[in-house]
Amino acid sequence: MASTACFMIVSRNDIPIYEAEVGSALKKEEAAHQHQFILHAALDIVQDLAWTTSAMFLKAIDRFNDLVVSVYVTAGHILHNF
């Protein structure tokens with residue numbers, strides 16, 4: 001079974017700073033668009049959770065089909081999404 005992960009760093013203004021595909025699945029152009037769609041949909045959840053918890057790792061905040069969004073929030077509120 002092929003698996004892949006998308007690693008993104010997003011600024012506090014919701015601007016993607018860095019993006020990398022990690023894994024063995026074949027990269028499709030539509031997958032890149034899907035990852036960005038899922039990221040932006042999950043950012044609303046992250047913004048609400050980041051101010052209500054002191055945890056830096058927010059595990060499984062959102063799901064889409066078999067994809068799971070987990071987030072690391074830095075002290076400066078820069079987001080690291082998986």
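**Entry 1: isoleucine 61 and the cores**

I started at isoleucine 61 and listed its contacts, taking contact as heavy atoms within 4.5 Å; leaving aside neighbours within four places in sequence, isoleucine 61 touches Ala42, Ile45, Val46, Leu49, Val69 and Val71. I note at once that this is a predicted model, in which local features need pLDDT of at least 70 and side-chain atom pairs count only at pLDDT 80 or more, while totals for chains, interfaces and linings use all residues. Residues are numbered from 1 along each chain as its sequence is written, and side-chain values use heavy atoms, with hydrogens and water left out.

I then looked up the nonpolar cores, each a set of buried Ala, Val, Leu, Ile, Met, Phe, Trp, Tyr and Cys residues joined through side-chain atoms within 4.5 Å. For burial I used relative accessible area, with buried under 20%, exposed over 50% and partly exposed in between (1.4 Å probe, protein chains only). The largest core has nine residues, namely Ile38, Ala42, Val46, Ala50, Leu58, Ile61, Val69, Val71 and Val73. Helix H1 (29-50), strand E3 (57-64) and strand E4 are the elements that give two or more residues to this core, and H1 supplies the largest share, with four. A second, separate core has five residues, among them Cys6, Met8, Val10 and Leu43. In soluble globular proteins, nonpolar side chains tend to be buried together.

**Entry 2: leucine 49**

Apart from residues up to four places away in sequence, leucine 49 touches Leu58 and Ile61. The C-alpha atoms of leucine 49 and isoleucine 61 are separated by 8.9 Å, and the two residues are twelve apart along the chain.

**Entry 3: strands E3 and E4**

I assigned elements as DSSP runs numbered from the N terminus, with helices (H or I) of at least four residues and strands (E) of at least two. Strands E3 and E4 run antiparallel and are joined by five bridges, where pairing requires that DSSP find at least two bridges between two strands. Leucine 58 stands opposite valine 71 in E4. In the hairpin of E3 and E4, with two residues between the strands, I noted that asparagine 65 has a positive phi near 50°.

Alanine 60, in strand E3, also has phi near 50°, a positive value in a residue other than glycine. What reaches the backbone nitrogen of alanine 60? I found the side chain of serine 70 there, at 3.3 Å; this falls under my rule for a polar contact (a pair of N or O atoms within 3.5 Å, where within protein one must be able to donate a hydrogen and the other to accept it, and residues adjacent in sequence count only if both atoms are side-chain atoms). Serine 70 lies in strand E4 (residues 67-73) and is buried, because its relative accessible area is 12%, whereas alanine 60, at 29%, is partly exposed.

**Entry 4: aromatic pairs**

I searched for paired rings of Phe, Tyr and Trp (its six-membered ring), with centres within 6.5 Å and planes classed as stacked under 30 degrees, edge-to-face over 60 and tilted for the rest; the count came to two pairs. The rings of phenylalanine 7 and tyrosine 18 have centres 6.1 Å apart and planes at 65°, so this pair is edge-to-face. Since phenylalanine 7 is in strand E1 (residues 4-10) and tyrosine 18 in strand E2 (residues 16-23), the pair ties together parts eleven residues apart in sequence. Phenylalanine 7, at 21% relative accessibility, is partly exposed, and tyrosine 18 is partly exposed at 43%.

The other pair, phenylalanine 57 with tyrosine 72, is tilted, at 4.6 Å centre to centre and 40° between the planes. I placed phenylalanine 57 in strand E3 and tyrosine 72 in strand E4, 15 residues apart. Phenylalanine 57 is partly exposed at 35%, as is tyrosine 72 at 39%.

**Entry 5: strands E1 and E2, and the whole chain**

Strands E1 and E2 run antiparallel with seven bridges between them, and the partner of valine 10 in E2 is proline 16. Their hairpin has five residues between the strands, and aspartate 14 in the turn takes a positive phi of about 65°.

Last, I checked the chain as a whole: one helix and five strands, in the order β-β-α-β-β-β from the N terminus. Of its 82 residues, 27% count as buried.
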